[in-house]
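Dear colleague,

I am passing on the structure below, followed by notes on what was found in it. Please read them alongside the coordinates.

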Amino acid sequence: MENLDFYNHNVIPVHIGGSEFYITTTIINTWIIMGVLLGLALIVRFLIHKFEEIPKGFQNVIELLVEVCYSFTATTMGENNKGFAPFYGSMFMFILLANLSGLVGLRPPTADLATTLALALITFFMIQGYGLRDKGIAKYIKGFFEPIPLLFPLNVIGELANPVSLSFRLFGNILGGTIIMALWYAMPWLPVKIGIPAFLHAYFDVFAGILQTFIFVMLSMTFVSSAMDS
């Protein structure tokens with residue numbers, strides 16, 4: 001483990017206090033995406049330093065995106081839960097950029113189970129936290145014994161399965177596309193690398209990336225809203 005090569009093993013060894021840690025390409029690419037999102041936020045803040053009462057130009061575009069985000073959140077989670085829009089809007093943008101990062105030669109962070117599981121666990125703890133807050137401990141626990149007490153084990157398994165299914169759905173689809181693209185570029189026959197990869201990227205990176213982002217965020221919204229008493 002002493003001479004791991006970054007390009008072959010996708011890690012950078014870091015020695016801190018006599019211990020060895022590894023910075024993976026997933027971490028590096030996640031930092032890059034976070035930097036892009038931060039940069040976009042600063043650009044928006046710079047260009048719209050003062051909101052006009054009658055929007056025009058760039059402010060119109062930003063307000064349209066915000067309205068779409070709030071409208072989608074209200075449609076999925078209910079009018080009372082529109083406050084989740086900033087959180088899910090940020091999640092949507094992060095996952096979308098992560099999925100599309102393959103277009104610029106990066107390995108998508110969402111092709112790593114650690115990333116998708118972390119996102120799914122956020123949803124899981126939100127489900128439990130908001131469920132406890134809105135239902136109370138007694139009603140929350142009672143829900144695991146409905147409609148009949150014999151279903152308690154299945155209800156528990158169902159709750160634990162949510163983050164697993166969420167994470168593996170996104171991870172599997174993005175990793176599958178990444179593997180197919182890697183195999184295609186590894187083909188020794190040069191003509192198949194001209195033109196055809198553009199169509200494959202359009203499907204695996206753009207179409208599948210946008211679709212899987214939408215599915216993940218929508219399911220997360222649905223799970224969280226169903227755990228609360230609206």
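Ile32 is partly exposed, because its relative accessible area is 39% and the class runs between buried, under 20%, and exposed, over 50%, with a 1.4 Å probe and protein chains only. The residue sits in helix 2, where helices are DSSP runs of H or I with at least four residues, strands are runs of E with at least two, and both are numbered from the N terminus.

This is a predicted model, in which local features need pLDDT of at least 70 and side-chain atom pairs count only at pLDDT 80 or more, while totals for chains, interfaces and linings use all residues. Residues are numbered from 1 along each chain as its sequence is written, and side-chain values use heavy atoms, with hydrogens and water left out.

Ile32 belongs to a nonpolar surface patch that also includes Val36, Leu40, Ile43, Phe46, Leu47, Phe58, Val61, Leu65 and Met93, together giving about 930 Å² of accessible area. Two or more residues of the patch come from each of helix 2 (25-47) and helix 3 (58-77), and helix 2 gives the most, with 6 residues. Patches are made of residues with over 30% relative accessible area and no salt bridge, like charges being joined within 9 Å and nonpolar side chains (Val, Leu, Ile, Met, Phe, Trp, Tyr) within 5 Å; the areas come from the Shrake-Rupley method with a 1.4 Å probe, and for residues only the protein chains shown count as cover.

The structure holds 2 salt bridges, each defined as a side-chain nitrogen of Lys or Arg within 4 Å of a carboxyl oxygen of Asp or Glu. One joins Glu79 and Lys82 at 3.9 Å, N to O; Glu79 is exposed at 58% relative accessibility, whereas Lys82 is partly exposed at 31%. The other joins Arg133 and Asp134 at 2.7 Å, N to O, with Arg133 exposed at 56% and Asp134 partly exposed at 26%.

Asn162, in helix 6 (residues 152-185), is buried, with a relative accessible area of 15%. Leaving aside neighbours within four places in sequence, Asn162 is in contact (heavy atoms within 4.5 Å) with Ile127 and Phe223.

As for confidence, the protein chain averages a pLDDT (the predictor's confidence in each residue, from 0 to 100) of 85, and 93% of the residues score at least 70. Over residues 1-9 the pLDDT is below 50, and this stretch has 12 contacts in the model beyond near neighbours in sequence.

With best regards
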